[in-house]
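Hello,

Here is the structure we talked about handing over. My notes on it follow below.

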Amino acid sequence: MSLVLRLQEISRSPRDLVGGKAASLAKMAQAGVPIPPTVCVTTEAYTAYVDKTGLRDRILIELERKPFQEMRWEELWDASLRLRNMFLTTPPALDIRDEVVTGVNDVFPGAALVVRSSAQGEDSAALSFAGAHESFLNIRGRDGLWDHVLLVWASLFSDRALLYQRELGLDPRSSAMAVVVQEMIQGSRSGVIFSMSPLDPKRAVIEAAYGLNQGLVDGEVEPSRWILERNTGEIVSFQPPIETGAGSDGVSLRNAGLPLNGTETLEVFRLGRRTEMLFGSPQDVEWTYRDSVLIALQSRPVTTGQGAGDDRAWYITLRRSYANLLTLRDEMENELLPKMELEAAALGAVNLKSLSDDGLCAEAERRKGILDYWEKEYVDKCIPFAHGVRLFAEVYNDHVRPADPFEFVDLLHDPDMLSVKRNASLRELAQGIREDPDSLRCLREDHVESCGENVQKLLARWREAFGVFSWDSANLLEQSRQLADLLEAYISMGPQSTFESAQAKVELAGKFVETFPESEREYAAKLLDLARSSYRLRDDDNIYIGKIRRRFLEAEEERECRSLTVCPIGPLPQKPVSTSGSQPFTSEEQTGSPSSLFRVQARQIVGQPAGPGVATGKARVIRTSEDLFTFQPQEILICDAIDPNMTFVAPLAAGIVERRGGMLIHGAIIAREYGIPCVTGIPRATEVIHTGERVTVDGFLGLVIIG
């Protein structure tokens, strides 16, 4: 059988051979619904390709690092990025490539194309999961076609597909992906019709905009929106798009021109109802007008509420467009983080000890409300901004095709990250004490005024810039002792190595930008700048919110000192050693069932490679904030997760092991800043590994060897 089927052949073929989207398009064409000229690259092509190139075995190795249900969102993304890069960099099976490309070009010689996924279960009555797999517009040339077929195949293992792997029936041993290739329709107006509104079963919804659908689907274009009676098509309400423009006095708002007239609105509505009758369930139909002809681009079942009851719906919102990320960046850098800094400073100016008992309770309650507000802002804005790195990584790998799918991280190292600057300040303070050893004793006894003049200046500068540690004690003597212990460890360190020279970073950036045509290089440079901001703020934002958490804890500790246990805000909180705005979908702590990896004593554990290098040393398990100040140089740091507020111990470590996984968690970021081998995603890391055990960390392969 041919690996490429034409439309009439698709309609006679089994659904498993052509996938859900191709089968739906063929059914629409048979019913007389206008669709673009279409062919299908069958699942047989995918199966033959992954077997012949050895990709199937490599996929299995990658996905068997850890059970899906124990993966966090960072790990899902890392796995999908590695798999995507495998498809792009594996030497191709030339005979399969040539048959696919020739089969498509015979139908569309020289045409601009749309390349869409058509997975076996996709767009069925039972499953839709719109956006789980990839689609690409305006693809040209033989190489462009082949590259995007590979990317659609790779999207079988996208992070979202992995997230929904149970519902999608994703089994890498047997799953396969077909690909729909269509002629690109240069529509003048495009949109979607929901034959049943996801929000109101009595209504239908039309969204429309000028030009192609891509901007509307990505959320970059504000559409016109019609709400209609589902049975009659009568318009219930209408919302035009709003544009900003220069008015006679400042900026004015105005309605943009309407992409559909009344007759066309009714025609689109009837298209939605017609496809619903055809498939027997409410449909979400993408459409476009070429001149006056309405063309259906694809149709899938309307999805409502899938992912409810877990964190998956939240995870899906993390993926943001370039335009949305630029808006988030501006808000974070110029509004959100400065306000956090001012809020923490204002809280620090309140003298808690001067408050009455009732006043202290009221202040503690007020601070809890402030903390709740900022933690919601963190989840809603700071975490999604991390997708700036994710977007850059995909673009970098697609253009550069590096052997290492995480080579892009070498471009993002930033000495201006607050945690790095804080650690540099600590090293400077440690150097001052090395030159004035008596100052260490004075500091340990909280007699700062007896320290040498230079040490006092360095200490004052450090405290003004970075304050106290977020999880240390409110007791000043204990603070001084903790700082003295930490500085003593810094003093015993050797010279700090640098992970990468500035020149190498410049050369790598140049290599990336030059992969773009001249007309797109400005965009490439701006995307790199956005990614660097995303990478830096992914670390910095926790230090800002950590200051607010610290002010809340100060009120709680003062309440504890006064034995005020009946304040309205409830019992005193436990002092964690790490915090995270992101959440696992499932974890051992939630399920109560330990991973099967640990039914016997583990000696070699597979995790996620997150920082290159190999290191061996004694383990230091961090469970409480007090454990941080016992850390000694060249030990292996073992923890649940490193928060930016505790990364001051990272420069001391020979290696880092974390339960949480992913290249974008804070421990992995700081490990790469210092060139420290790091492995993440080790289930029950703080239980399986014990302080004092000899541990080897292989950050290339993602292995932790105990003993």
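Is cysteine 561 buried or exposed? Cysteine 561 has a relative accessible area of 65%, so it counts as exposed (buried means under 20% relative accessible area, exposed over 50%, partly exposed in between, with a 1.4 Å probe and protein chains only).

Before the rest, the conventions. This is a predicted model, in which local features need pLDDT of at least 70 and side-chain atom pairs count only at pLDDT 80 or more, while totals for chains, interfaces and linings use all residues. Residues are numbered from 1 along each chain as its sequence is written, and side-chain values use heavy atoms, with hydrogens and water left out.

Cysteines

The structure holds 0 disulfides (a disulfide being a pair of cysteine sulfur atoms within 2.5 Å). For cysteine 451, the nearest cysteine sulfur belongs to cysteine 442 and is 4.8 Å away. Cysteine 451 is buried, because its relative accessibility is 6%.

Salt bridges

There are 47 salt bridges in the structure (a side-chain nitrogen of Lys or Arg within 4 Å of a carboxyl oxygen of Asp or Glu). One of them joins the side chains of lysine 52 and aspartate 95, at 2.6 Å from N to O. Lysine 52 sits in helix α3 (residues 43-53) and aspartate 95 in helix α6 (residues 94-107), so this pair ties together parts 43 residues apart in sequence. Helices (H or I, at least four residues) and strands (E, at least two) are DSSP runs, numbered from the N terminus. Lysine 52 is exposed at 54%, and aspartate 95 is partly exposed at 43%.

Another salt bridge links glutamate 276 and arginine 230 through their side chains, at 2.7 Å from N to O. Glutamate 276 belongs to helix α11 (residues 262-279) and arginine 230 to the loop between β8 (224-229) and β9, so the pair ties together parts 46 residues apart in sequence. Glutamate 276 is buried, with 10% relative accessibility, and arginine 230 is buried at 14%.

The side chains of arginine 441 and glutamate 445 also form a salt bridge, at 3.9 Å from N to O. Arginine 441 is partly exposed at 45%, as is glutamate 445 at 39%. Salt bridges also link Arg329, Glu333, Asp529, Arg536 and Asp540 in a network.

Two polar contacts

Glutamine 182 is part of strand β5 (residues 177-183) and is buried, at 1% relative accessibility. Its side chain makes a polar contact of 2.9 Å with the side chain of arginine 116 (a pair of N or O atoms within 3.5 Å; within protein, one must be able to donate a hydrogen and the other to accept it, and residues adjacent in sequence count only if both atoms are side-chain atoms). Leaving aside neighbours within four places in sequence, the residues in contact with glutamine 182 (heavy atoms within 4.5 Å) include Leu25, Phe108, Val114 and Leu297.

Arginine 366 is in helix α14 (residues 357-385) and is partly exposed, at 40% relative accessibility. The side chains of arginine 366 and glutamate 363 make a polar contact of 2.9 Å. Not counting residues up to four places away in sequence, arginine 366 touches Leu347 and Val350.

Regards
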